[in-house]
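Student: I have a model open and want to learn how to read it. Can we go through it feature by feature?

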Amino acid sequence: MLFHSSLRKELSRSFGATLVVLVTIVMTMMLIRTLGLASKGSVNPADVFIVMAYTVLGYMPTILSLSLFIAIVGTLSRMYRDSEMVIWFSSGRGLTDFVEPLFRFAWPVLILIAAMALVGWPWANSQTIGMRQQYEQRSDVERVTPGEFRESSGRMRVFFIDKDTPDGATATNVFIWAIERGLQITTSARSGRIEDVGPNRFLMLSNGQRLERPLLPTSGLKISEFKTYGTRAGGSSDATANTTPPRARTTLSLLRDRSSASLGELGWRIGMLLAAINFVLLALTVSSVNPRVGRSGNLLFALFAFVIYYNLLNLGQSWVSSGRYGMGSFMLLLHGGVFLIGTTWLMLRNNNWGQRKKHARVIAGGLPTPQPQPPKIDPIS
């Protein structure tokens, strides 16, 4: 019918435009952030765009929820300003009649939000964490670029090499400056190679010398020459990954694990879907435009409500993870409370409009029709 089709068509255009704008903004912010991590050595510079794509993919539940919320608020606000809502109300439609077409439009987006929150979010985080751990577990020599001084992973040593082999395991003209056991140690060698000794990785130097100087101003300077010398190079040949954080674990593993951290993460993922459903109802109630406030007044209020709701969702995750609240009780309090507020507000506004329309009909049909009065004739005195 015309009512449903016209509303869904305009919502689709508004949602698509909003989604493109928000994704562009988030991609720009994530690119700047990822470039900063790459400059600090936390991310491989060659994987900047891949890490950025995974990060944006992880934020898609929030982006989709905000796009849906803004699209509904913007579309209904435009209809209020152009008096289209008055026409629909006058034809017998109420605010509650907008719930069905809004959810008919929103249900594919809600399914996508649920899929991204339950599956896409942990997968993107696991990929990003895996890439960062793999890059951080490199040996110290593998971190060094020929012709540049570079710090080690522990920032207690400085490396310099002249040339290296394509595999990154052998280098020539190696220089190492380190602080160990209260000594300032300078080591130089003609060549060096990486060797795995058990679970550890060592840098084996050949044909060099070693100078040890105390950090405190005391006497003692030791110079030694060596043919072969081994030093810990950092990294591990078969280093095991650290414990996977809850945000990178699958939803099924969180369901099996009943710890507070797992419940907090699980509550956040399910809460994203419940929040998106509540945003549809809230958008319907906050979309009315007051000409005295201005065109952007209701949009600012809607964004403010979104920020508060989203921050409460994140705050609840930390509370559940710390054991202060249970997952079920907090979700019932937050999402159930917002749903109750939204439906109550919607019913009040719908009944208020119905009473106004009924009052207008009574006034229009209840006033008596004025009858012509005969002219007054003064009696002849």
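Student: What should I know before reading any values?

Tutor: This is a predicted model: local features need pLDDT of at least 70, side-chain atom pairs count only at pLDDT 80 or more, and totals for chains, interfaces and linings use all residues. Residues are numbered from 1 along each chain as its sequence is written, and side-chain values use heavy atoms, with hydrogens and water left out.

Student: How many helices and strands does the protein have?

Tutor: Both come from DSSP runs, numbered from the N terminus: helices are H or I with at least four residues, strands are E with at least two. Here there are ten helices and seven strands.

Student: How is burial read, and what percentage of the residues count as buried?

Tutor: Buried means under 20% relative accessible area, exposed means over 50%, and partly exposed lies in between (1.4 Å probe, protein chains only). Of the 381 residues, 38% count as buried. Accessible areas come from the Shrake-Rupley method with a 1.4 Å probe; for residues, only the protein chains shown count as cover. The protein exposes about 21900 Å², and carbon and sulfur atoms supply 62% of that area.

Student: And contacts?

Tutor: Contact means heavy atoms within 4.5 Å. Take the contacts between residues at least 6 apart in sequence: 61% of them join residues at least 24 apart.

Student: How do I read a nonpolar core?

Tutor: Start with the general idea: in soluble globular proteins, nonpolar side chains tend to be buried together. A nonpolar core is a set of buried Ala, Val, Leu, Ile, Met, Phe, Trp, Tyr and Cys residues joined through side-chain atoms within 4.5 Å. The largest one here has 57 residues. Phe-15, Leu-68, Phe-69, Ile-72, Phe-98 and Leu-102 have the most contacts inside it.

Student: Which helix gives the most to this core?

Tutor: Helices supplying at least two residues each include H1 (2-40), H5 (99-136) and H10 (327-366). H3 gives the most, with twelve residues. There is also a second, separate core of ten residues, with Val-174, Ala-189, Leu-203 and Leu-205 among them.

Student: What does Leu-102 touch beyond its neighbours within four places in sequence?

Tutor: Leu-102 is in contact with Leu-7, Leu-11, Ile-72, Val-280 and Leu-284.

Student: How do I check the length of a helix?

Tutor: Compare its end-to-end distance with the expected span, 1.5 Å times one less than its number of residues. The 22 residues of H3 should span 32 Å, and its end C-alpha atoms are 31 Å apart, so the two agree. H3 is also mostly covered, with 19 of its 22 residues buried. H8 has 26 residues and reaches 35 Å from first C-alpha to last, close to the expected 38 Å.

Student: Where is the kink in H8 centred?

Tutor: The bend at a residue is the angle between axes fitted to the seven residues ending there and the seven starting there. In H8 the kink is about 30°, centred on Gly-271. H8 is mostly covered too: 20 of its 26 residues are buried.

Student: How do I read strand pairing?

Tutor: Two strands pair if DSSP finds at least two bridges between them. S2 and S4 (residues 170-180) pair in the antiparallel sense over four bridges. Phe-160 has Phe-175 in S4 as its bridge partner. S2 (residues 157-160) has two faces: Arg-157 and Phe-159 are covered, while Val-158 and Phe-160 are uncovered.

Student: What is the phi of Asn-207 near?

Tutor: Most residues other than glycine have a negative phi. Asn-207 has a positive one, near 55°. Asn-207 lies in strand S6 (residues 200-214). Asn-207 counts as partly exposed because its relative accessibility is 44%.

Student: Why does Val-51 count as buried?

Tutor: Because its relative accessibility is 4%. Val-51 is found in helix H2. Not counting residues up to four places away in sequence, Val-51 touches Thr-34, Val-43, Thr-128 and Met-131. Val-51 and Thr-128 are 77 residues apart along the chain, yet their C-alpha atoms are separated by 6.0 Å.

Student: And Thr-34?

Tutor: Thr-34 lies in helix H1. Thr-34 is buried, with a relative accessible area of 4%. Thr-34 and Val-51 are 17 residues apart in sequence and 7.2 Å apart in space, C-alpha to C-alpha.
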